[in-house]
Structures are given as structure tokens and as C-alpha cells.
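Please look over the sequence and the model shown here before reading on. The report is written for a student who is meeting such a description for the first time.

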Amino acid sequence: MVLFKRKKAPLLGIDISTAAVKLLELSRSASRYRVEGYAVTPLPQDAVVDKNIANVEVIGNTIKSVIKQSGTRLKHAAVAVAGSSVITKTISMPANLTEEEIEAQIELEADQYIPYSLDEVSRDFEVQGPNEKNPDMVDILLVASRRENVEDRVAALELAGLNAEIVDVEAYAVENAFNLIVDQLPGGDKDRTVVIADTGATLTSLNVIHNNRIIYTREQNFGGKQLTEEIQRRYGLSYEEAGLAKKLGGLPDNYTAEVLEPFKQAMAQQIARSLQFFRSSSTHRNVEVIVLAGGCASIPGIETLIGENLGTPTLIANPFINMALSARVSQQGLNRDAPAMMIACGLALRSFD
Ligand SMILES: Nc1ncnc2c1ncn2[C@@H]1O[C@H](COP(=O)(O)OP(=O)(O)OP(=O)(O)O)[C@@H](O)[C@H]1O
Ligand SMILES: [Mg+2]
């Protein structure tokens, strides 16, 4: 199995995340993208734990269900493994080598760069471009992931009749989707630094983007699952009921002040802390804007709170802002899920590489 494999056919983006499986099919005419199909199906608790698939069959069945719901006919897909499950390394090689020669060289020397055997990890590389200091050399990104992480995802797709053409890395998918939200950003300064803070069910990942490239990533164990669990405890609800109540409302009066507000404060604090870590490690400290992504970005008022607490303009990611929609796709549903679809977007965009 190879990461970054070149695609042959149009690809579905399939994001297998902790809370749900998310499917996205895009098409492109001229330079405009169109959403041909999309669906999000929640996963039962513990189907994905620490970004690992705990039960391939459950995931396979959920993929079947998103396919059905979306009405897509595509058979090829791009999926991603979590950034925390990959090792990366950038090396340099002479610019005049062919892909094959690079591959052979890496094969020979891989142990030096990534000290695991091929039984344990799946490896791949991508030529990034000329080396900054020496134009006769190119920089090559090596990526390795635990074999299981890749194979479980491929197997789950296969159960649903899909062929995994590309196994990407989540952070690269976010980077890839960044162009979709550029029009949302103020200014238009090319040299700007933008933070994408994705708070999902279990993880908050902070990706800092400078000149369209991720220059910093940090993950923390913090997410909407904590809020779900607090709702379960307080109001005696099941995981599913609590998850629905969060989105649809109907919880007792004290919910907002006693449960939701403290969670929002905690979320702001988590993002503030990651931002501090970034600022202390980088020379690009001047963050122009914070973009909130992930399901928790849909919590009412969260962008105002974070903007005020962190003293930085803050907005909510909408990767579909410039896209056309097929008549099959519900605008309302898509808008609601938009902030949580960044990874699915980055994956679906791989069709057009
Ligand atoms: N409107 C909303 N209000 C509050 N919480 C919401 C809302 N919409 C989604 N969420 C929460 O967002 C979380 C899911 O977000 P997302 O889909 O980004 O997570 P994920 O990608 O599956 O998780 P992870 O990134 O940790 O693997 C859930 O906890 C869900 O309850
Ligand atoms: Mg996520």
C-alpha cells in the first residue's frame, strides 16, 4: 500500500473520524467546484479510539451507509491517517534523479531515515521541490505510518466496495483544503500566518499555515466528547441522546450557563495554550486570523468568545463558500456540517491533482 499514490479515476473523499464517517464527492468545471454528493453518518461510541479503527466491520457498514445516503456512484476513494500516527522526515537528493531512482535510493537507505521495518510500517515519499540552499538538490518528504493504521482503513473501504486509491495524512488534507477558505479571510496578504483550530470529538489540532504551507501542528486531547459525557452524566442521557441534544437543543435551562459555557471557556483555553506553544517556537508570531473547524466550531457564539479571549479575529471555516451544489445536496445540511468537512474536502480535492 502506498501513500500519495497518483489517482486514475475521480475520487470520493472519505474521512473516517472519531464521531462519524464523512463522504464528499466534488466535480470541477472551469475553476469552480461543485458538490455532487455528501453525507455524514455518526459512528457508535468506541468504533474509532485514539484515531485507530477498533472495529473494521462497523466502519465498513457505516461507509456503506454514507455511500447510500449520498447517492454517489464513485468506486475510488481517498482516505487519511491521523497526523499523530505518522512519522515524517525531509531529506535532500540530487535534482537530476528520476522518481524510480529516488525510490530505489530511499528503499536502500530507508532504515536510516525511518527506523522501522516494512513489516511494521507503510512508507511513501513525495518530492516537494528544490532545496532552498542548493538548487541542485530537491527536498523529499518521507512519510511512514503504522501498517495497521493504513490497512484497517483500506479494509473498511473494501468492505463497502470502495477502492482506496490514496491514503493521505489528515494534516496534509487540511493544508490542501486551505485554498477553499482563502476568500473568507480578511486582507489578502500573501505572506500571512493563519491558524486553523480543529476541535472535533476527541482532539483539538492546531495547524498554523504560512504561505499556504503548514509550518506547525499541535494536537491536544480535547473535544466535544467531553461535553457529550458531561450532558450524559448531568441529565442521565445515552451517548446518542446527548449527542443529538447538543445539536438540536431541548436540554434543561441550566445547560447553557452550567455546562455549555464552561466547555466553551475550556475550548478557548485549549486553543490559547496551543497558540502559546506555537508562538514560543516560531518567528512567525503574528497570527492574522484564527479559523475554527471541526464540529465544535458549530457551537453558537464560539467564534466571538475565542476572538475576544485571544484578541485575534476569529471566524468559522466554510470550505464550500465558493462551490456550486448539485440539486441532490441539501444546502442547509451542508452548511451545518461545513466546518467539520475540511478533511473530507482536502481528500476529495485529490481528484484534481
Ligand atoms: N451544533 C453543534 N453544537 C455542539 N457540538 C456539536 C455541534 N455539531 C457537532 N458538534 C460536536 O462536534 C463533534 C464532532 O466534530 P467532528 O465531526 O469534527 O469530530 P471528529 O472529526 O469525528 O473527531 P476527531 O477529530 O476527534 O476524530 C461531536 O462531539 C459533536 O457533538
Ligand atoms: Mg476531526
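What follows describes a sheet, the helix beside it, and some salt bridges in this predicted model.

**The sheet**

Five strands form an open sheet in the order E13-E12-E11-E14-E15, and their pairing is mixed. Strand E13 (213–220) and strand E15 (314–316) stand at the edges with a single partner strand each, so one side of each is left without a neighbour in the sheet. From one strand to the next, the twist averages 20°. Strand E12 (residues 204–210) is paired with E13 in the antiparallel sense over seven bridges, and valine 208 stands opposite tyrosine 216 in E13. Helix H7 (residues 254–281) packs on this sheet, where it touches strands E11 (193–199), E12, E13 and E14 (287–293), and its direction makes about 130° with that of E13.

**The salt bridges**

| Residue with N | Residue with O | Distance |
|---|---|---|
| Arginine 146 | Glutamate 148 | 2.8 Å |
| Arginine 147 | Glutamate 151 | 3.0 Å |
| Arginine 192 | Glutamate 288 | 4.0 Å |

Arginine 192 counts as buried because its relative accessibility is 11%, under the cut-off of 20%, whereas glutamate 288, at 26%, is partly exposed. Arginine 147 and glutamate 151, by contrast, both lie in helix H3 (residues 147–159), four residues apart, which is about one turn of the helix. Finally, a network of salt bridges links Glu230, Arg233, Arg234 and Glu258.

Key:
Residues are numbered from 1 along each chain as its sequence is written. Chains are lettered from A and ligands numbered from 1 in the order in which they are written. This is a predicted model: local features need pLDDT of at least 70, side-chain atom pairs count only at pLDDT 80 or more; totals for chains, interfaces and linings use all residues. Side-chain values use heavy atoms; hydrogens and water are left out. Two strands pair if DSSP finds at least two bridges between them. Helices (H or I, at least four residues) and strands (E, at least two) are DSSP runs, numbered from the N terminus. Axes are lines fitted to C-alpha atoms, for helices over the stretch in contact, and angles run from 0 to 180 degrees between N-to-C directions. Contact means heavy atoms within 4.5 Å. A salt bridge is a side-chain nitrogen of Lys or Arg within 4 Å of a carboxyl oxygen of Asp or Glu. Buried means under 20% relative accessible area, exposed over 50%, partly exposed in between (1.4 Å probe, protein chains only).
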